[in-house]
Amino acid sequence: MSDIIQLLPDHVANQIAAGEVVQRPASIVKELMENAIDAGASKIELIVRDAGKNLIQVVDNGGGMSDTDARLAFERHATSKIRSTEDIFKIATKGFRGEALASIAAVAQVELRTKQKDTAVGTNIYIEGGELQFQEPIQTAEGSNFLIKNLFFNVPARRKFLKNDNIEFRHIIDEFQRVALAHENVEFEMFHNDEPIFRLRKGGQMQRIVEVFGRKIQPLLIPIKEDLGWVRLNGFVAKPEGAKKTRGEQFFFVNGRYFRSPYLSKAVQEAFEGLLQPGYIPSFFLFLELDPEKIDVNIHPQKTEVKFEDEALIFALLRSTIKKALGIYNIAPSLDFDRDPAMDAFFQAQPSKANLESGSSSFSKNVKVDRSFNPFTSEKPSTIESLNLSEMYNAAIPSAEPSKINLFEDDDDDLEEDLFRLPNAYWLFNKEGKTFMLDLGRIHRVILQSQQKEFKPNKNGQHLLFSIEYHLNEIEKNKYKSIKKYLPALGFDMILAQENVLRINAVPEGLKESAVVGFLEKIFEILEYRTEDEFMNFYQDQWLKVHSKSKFDFIYKTEVEQLIKDFIELGFPQYTVTGKKCFEEIPFDDFKNKF
């Protein structure tokens with residue numbers, strides 16, 4: 001039997017290895033920007049075309065490379081970051097494996113122009129599909145200028161699996177943000193299709209966060225700081241009102257390196273226990289600094305995971321420090337759960353220590369003590385003339401007598417005795433011996449969908465008496481541009497009055513003025529990784545939610561009864577087509593047992 005094992009050709013092996021390092025254009029952005037940081041750059045410029053599919057250019061003013069280094073940099077496992085096995089366990093740089101440039105060159109057309117500080121001329125090198133095409137002297141600025149063109153030009157199967165430009169560009173922004181947030185002492189610029197996206201100046205952590213995510217986040221940030229000697233923690237967490245249902249503004253850094261950790265994210269979540277609604281995730285920007293020998297960053301191909309020597313201590317540090325900060329800024333709930341507000345007046349009337357020491361009798365003059373009182377024989381409570389404790393006690397204990405206020409309408413329809421209004425557009429409904437809590441907005445959507453009616457807001461819209469100004473961060477600004485063409489047909493009249501200020505002059509009919517900003521934030525949140533072509537479906541769903549909410553805040557019981565009758569005819573389905581519950585059964589027996 002003939003031998004069947006053989007060595008793969010270099011270009012095939014390089015393309016296979018590139019699959020781990022270069023998954024999409026954002027992977028290249030990450031590797032090149034981190035290389036620029038390692039080169040000591042104080043200014044980094046990122047230029048992208050067509051979401052990185054046709055061009056990714058990273059220009060830095062770092063140390064640059066010699067002719068020989070420029071050529072060796074594209075060889076696999078060639079690196080200036082480590083020299084021996086021991087160096088792997090004390091890595092202080094972003095890169096160290098020597099795989100990134102070789103992997104990028106294997107699947108793209110790469111041009112590098114680089115020059116060191118003390119040399120007269122630099123070098124220009126061009127590699128295509130892993131093959132060196134030429135290397136020649138060139139007059140260029142100090143530092144390095146990488147141009148990555150036509151990504152996956154030689155691997156069409158990989159290229160066709162790339163997402164549309166909006167999604168790929170959103171991933172590029174993610175990587176740009178992670179590097180920029182970790183290095184506030186470096187100046188960054190980013191351009192996409194010749195349009196400026198970010199211009200970040202040197203400054204502090206707070207300034208960098210605000211420049212990236214917009215000034216709306218600044219009043220929400222709470223500083224975090226703790227130094228235990230062997231580990232330092234600093235950064236910011238957002239107040240509970242800054243929490244969101246989707247992940248996005250959650251950033252962990254260790255020694256300037258971004259990493260993910262569900263375990264440590266749980267520590268942050270536990271610190272906010274009791275402060276967030278279910279399903280909401282707090283925003284945070286947390287920076288850890290400790291000895292590189294106490295962490296291992298070589299456990300993931302994209303280097304986004306870190307192994308700590310003692311992760312449990314880091315967990316405890318995060319949770320306790322954040323809790324302390326929330327308490328300092330009066331965010332955490334009071335721990336005095338048993339305090340009775342009705343007794344405040346009693347304690348305020350007690351004599352102060354100073355009065356007792358000075359012999360003041362203002363308190364004692366107002367108090368008469370019945371020395372013959374026996375609590376085991378007397379049926380009358382003791383009295384204090386200045387304070388009526390009996391009345392105070394009765395005021396503190398709710399009356400057992402039922403309320404005589406009629407909160408419901410007195411209609412005489414079929415469902416009158418089985419239907420009751422609750423706050424926030426919810427209703428209670430008795431059906432076949434069971435009690436249900438109904439969400440009329442979702443029930444309404446189920447009925448509309450069953451009737452195959454397409455919901456369309458009035459495209460003419462309603463003009464606002466005073467325009468609303470909405471301050472966009474750079475991410476929201478990019479999202480706005482991607483859906484701008486749809487907005488006039490939906491009834492919106494918006495313009496970018498200033499560089500980052502959206503002026504809203506008209507909104508769809510039925511959308512409350514007070515709900516406009518929240519509605520836009522929800523739309524931007526939905527578009528996190530969605531295409532602009534999917535926008536209309538998500539817009540319709542969000543519009544129905546907002547419109548149904550306002551519609552059912554004020555509605556006659558007769559209309560509700562008709563709505564429920566239509567819902568019963570559909571079989572009383574528990575879920576909408578998107579999997580949301582239309583109602584929840586109330587365990588009435590559980591309530592009875594409490595009495």
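**Helix packing and nonpolar cores**

Helix α2 passes helix α6 in a right-handed crossing. The model examined here is predicted. Two packed helices are described by the angle between their axes and the distance between the axes. For α2 (residues 25-38) and α6 (residues 165-182), the axes come within 8 Å and cross at roughly 20°. The helix α2 is therefore roughly parallel to α6, since angles under 35 degrees count as roughly parallel.

On the side of α2, the contact is formed by Pro25, Ala26, Val29, Lys30, Met33, Glu34 and Ile37. On the side of α6, Glu168, His171, Ile172, Glu175, Phe176 and Val179 take part. Sorted by class, the residues of this contact comprise eight nonpolar, one polar and four charged. An α-helix has 3.6 residues a turn, so residues three or four places apart point the same way.

The largest nonpolar core contains 64 residues, and Leu46 and Phe188 have the most contacts inside it. Helix α6 supplies the largest share of this core, with eight residues. When neighbours within four places in sequence are left aside, the contacts of Leu46 include Val29, Met33, Ile172 and Phe176. Another core, of 32 residues, lies apart from the largest one; among its members are Ala243, Leu276, Ile295 and Val306.

Helix α7 (residues 205-213) is mostly covered, with seven of its nine residues buried. The buried residues are Gln205, Arg208, Ile209, Val210, Glu211, Val212 and Phe213. After α7 comes Gly214, which has a positive phi near 95°.

Ala51 is located in the loop between β1 (43-49) and β2 (55-60). The relative accessible area of Ala51 is 0%, and this residue is therefore buried, as buried means under 20% relative accessible area. Phe152, likewise a residue other than glycine, has a positive phi near 60°. Phe152 lies in the loop between β6 (143-149) and α5 (156-160). Because its relative accessibility is 1%, Phe152 counts as buried.

Notes
Residues numbered from 1 in each chain as written. Predicted model: local features only at pLDDT ≥ 70, side-chain atom pairs only at ≥ 80, totals over all residues. Heavy atoms only, no water. Axes fitted to C-alpha atoms, helices over the stretch in contact; angles between N-to-C directions. Helix = DSSP H or I, 4+ residues; strand = E, 2+ residues; numbered from the N terminus. Parallel < 35°, antiparallel > 145°, perpendicular 65-115°, else oblique. Left-handed = near helix turned anticlockwise from the far one by under 90°. Contact = heavy atoms within 4.5 Å. Nonpolar A, V, L, I, M, F, W, Y, C, P; charged D, E, K, R; others polar. Buried < 20%, exposed > 50% of the residue type's maximum accessible area, 1.4 Å probe, protein only. Core = buried A, V, L, I, M, F, W, Y, C linked by side-chain atoms within 4.5 Å.
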